[in-house]
Amino acid sequence: VQLQASGGGLVQTGGSLRLSCSVSERTFSSHVMGWFRQAPGKEREFVAAIRWGGARTYYADSVKGRFTISRDSAKNTLYLQMSSLKPEDTAVYYCAKANSLSYNDREYRGWGQGTLVTVSS
């Protein structure tokens, strides 16, 4: 089952966006939900992750302090609140699920089409 990210768009430097990800398949508290991104011509990279059953969060150094990952288990939705956006944040953003915490996208599944975030300078 693919996870579908949404909420991307065009925003100016310094602006904010909130991405959402509908988690349609059954997800256990032990699962880890992650956000990744892929900029043009670059490898897909880890952005943030959260355990579905807990509050502990993990961030890439490049987004720490600017992005916040959260989930609403009642709504089966994962979020990524992005603030103080920079042109280098421009990428297609994906959500995915893993059985345990990993910063490697190979450990995740459910990749959908992603949502494009463009930050203009």
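Leaving aside residues up to four places away in sequence, T115 touches A5, S6, G7, G8, L19, A91, V92 and Y93, where contact means heavy atoms within 4.5 Å. The model is predicted, so that local features need pLDDT of at least 70 and side-chain atom pairs count only at pLDDT 80 or more, while totals for chains, interfaces and linings use all residues. Residues are numbered from 1 along each chain as its sequence is written, and side-chain values use heavy atoms, with hydrogens and water left out.

**Exercise 1.** Determine whether T115 is buried or exposed.

*Solution.* Start with its place, which is strand 11 (residues 115-120); strands are DSSP runs of E, at least two residues, numbered from the N terminus. The relative accessible area of T115 is 10%, and because buried means under 20% and exposed over 50%, with partly exposed in between (1.4 Å probe, protein chains only), T115 is buried.

**Exercise 2.** Find which cysteines form the disulfide.

*Solution.* The structure holds one disulfide, a pair of cysteine sulfur atoms within 2.5 Å. The partners are C21 and C95, with sulfur atoms 2.1 Å apart. They link distant parts of the chain, 74 residues apart, C21 lying in strand 3 (residues 17-22) and C95 in strand 9 (residues 91-98). Both cysteines, C21 and C95, are buried.

**Exercise 3.** Explain why strand 5 (residues 45-51) is described as largely enclosed.

*Solution.* Of its seven residues, five are buried, so strand 5 is largely enclosed by the rest of the structure. Strand 4 (residues 32-38) runs antiparallel to strand 5, joined by six bridges.

Key
Helix = DSSP H or I, 4+ residues; strand = E, 2+ residues; numbered from the N terminus. Pairing = 2+ DSSP bridges.
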